[in-house]
Amino acid sequence: MAATGVETGRLAIDGGPKAVTEAIPRVLNGPAEIGEAEERNVLDVLRRQSLFRFSVPLEESYVGRLEAGFARKMGTKHALAVSSGTAALVTGLLGIGIDPGDEVIVPGYTYIASAAAILLCNAVPVIAEIDETLTLDPEDVERKITPYTRAIMPVHMRGIPCQMDRILEIARRHNLLVIEDVAQADGASFRGRRLGSLGNVGCFSLQYFKIITTGEGGMVITDDDRVYARAAMAHDSALGFWNRIETGDLEPIPGNGYRMSELAGAVGLAQLDRLDGIIGAMRARKRELLAEIAGAPGLTPAPSADPDGDAGLSLNLLFPDAGQARRYAEALAAEGAPVHTIYNQGIPDRHIYRHWEYVLNKTSLNRAGFPWRGGFYKGNVEYSPDMCPRTLDVLSRTVAVSINQRMTTAHMAQVGAACRKVARAYYGS
Ligand SMILES: Cc1ncc(COP(=O)(O)O)c(C=O)c1O
């Protein structure tokens, strides 16, 4: 791209004019799209006074229709709506039969809820490194496998697909289960298959800050009838007795109170229709921004296992060290671009294992000390703040330029010009 006057001028951080002169929309994906369809559905639930998903036949209820639509969109046989992403993970883990004392490998870069869900099943989180894709490093997964490992939990952070081919191959070779955490990647895909549909079970969040939302909510998807039946019973303490959802010949098992309400289902059904539109717009903007910065000195986009499958939530740039990442991000923010570094020492971000205090300190929910102490666990996992140096290094070197569906091609041109301006100033010609 040829340099414009804007790009060769003084940096805004040094008192020059900003490269970004238009207001860049900073909206939350799902909430920004709430409109007539959500309103109509919610009013319908209220007018019918029908707030409980099982008070009407499954095919008439909003939650039932959301489940059917979600399964169709993700390409799985089953979908089960639940009350949150954390509930989805607990339900998914119980669905695939994770037992107390089992080890589950989880990346050091994910929201603390991924580890909490494992602990709530009295299983043991084993923290593995990410690589420059910002997702689970398959080589470190392999190193972390012990005789007690039962499952791997790849987390598609920031809408970025994990290296699912390599993770599934490792799981097959070691006879491990795979539970995908798709909380931040609703609707994204890996080589043409929707995330969540590749492992034994996929778990989504529909919480307020996610790509589509029901305020609070989640979804569990699977192709496996038995996993679905177990998950369904694990999400509702009496489901196994009622025949509301087909549970085959499985005996009733105890369950949680994780049902989704019809009000959430009403919003979710409308939001599901918007999912591909939101992702399609973000992917288009990301492609434009990548074209804008192609060849700019010093700018290296993070590698990806499937750039076309990425949800497009951010363009992630890798720098040689944390200092350069911070310097670039600060100058770019001063130009008016929506940008931040991912890891700043000192800010307790619960998306980074270093700030998972109750995991690192092995703080138990109970007096016996489960899952680490008290009888079931035979391994000897150890945690420390410095146990995943590569994860901390990669995150400290990464700068994320945020993207949302309300940004336009013109916005991306300005953000791209700002990226090039700062790159030229710091890295050369
Ligand atoms: C990666 C990841 N996993 C799990 C969760 C938990 O989802 P929820 O907040 O809906 O319980 C989140 C939500 O922030 C998340 O980002």
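The ligand takes up the space of the largest pocket. A molecule sits in a cavity or pocket if more than half of its atoms lie within 2 Å of its grid points. The model is predicted: local features need pLDDT of at least 70, side-chain atom pairs count only at pLDDT 80 or more, and totals for chains, interfaces and linings use all residues. Residues are numbered from 1 along each chain as its sequence is written, and side-chain values use heavy atoms, with hydrogens and water left out.

**Ligand contacts**

- The ligand is surrounded by 16 residues, with G85, T86, D181, S205 and K210 the closest; a residue counts as near if one of its heavy atoms lies within 4 Å.
- T86 places a polar side-chain atom 2.6 Å from a ligand oxygen atom.
- S205 does likewise, with a polar side-chain atom 2.7 Å from an oxygen atom of the ligand.
- The side chain of D181 has an N or O atom 2.8 Å from a nitrogen atom of the ligand.
- Alone, the ligand exposes 390 Å², and the protein buries 92% of that (Shrake-Rupley areas, 1.4 Å probe).
- α5 and α6 are the elements that give two or more residues to the shell around the ligand. Helices are DSSP runs (H or I, at least four residues), strands likewise (E, at least two), numbered from the N terminus.
- α5 gives the most to this shell, with three residues.
- By class, the shell has six nonpolar, eight polar and two charged residues. Ala, Val, Leu, Ile, Met, Phe, Trp, Tyr, Cys and Pro count as nonpolar, Asp, Glu, Lys and Arg as charged, and the others, Gly among them, as polar.

**Largest pocket**

- Its volume is about 1,100 Å³. A pocket is an open set of points on a 1 Å grid over the protein atoms alone, where a 1.4 Å probe fits, with protein on both sides within 12 Å along at least five of seven lines; lining residues have an atom within 4 Å of a point.
- Volume is the space filled by probe spheres set on the points, which are joined across faces, edges and corners.
- The lining has 41 residues, and R158, Q184, F209, K210 and H351 are the closest to the pocket centre.
- Two or more lining residues come from each of α5 (85–96), α6 (112–120) and β12 (339–341).
- α5 gives the most, with three residues.
- The lining divides into 19 nonpolar, 16 polar and six charged residues.

**Second largest pocket**

- This pocket has a volume of about 260 Å³.
- Its lining has 16 residues, and K286, L290, S304, P307 and D310 lie nearest the centre.
- α11 (262–293) and β11 (314–318) each supply at least two of the lining residues.
- α11 has the largest share, four residues.
- The lining has seven nonpolar, four polar and five charged residues.

- Most residues other than glycine have a negative phi, and most peptide bonds are trans.
- Q49 is not a glycine, yet has a positive phi of about 50°. Q49 is in the loop between α3 (36–47) and α4 (62–74).
- The F370 to P371 peptide bond is cis, with omega near -5°. P371 is in the loop between α13 (357–360) and α14 (389–396).

Notes
Polar contact = N/O pair within 3.5 Å; in protein donor to acceptor, adjacent residues only side chain to side chain.
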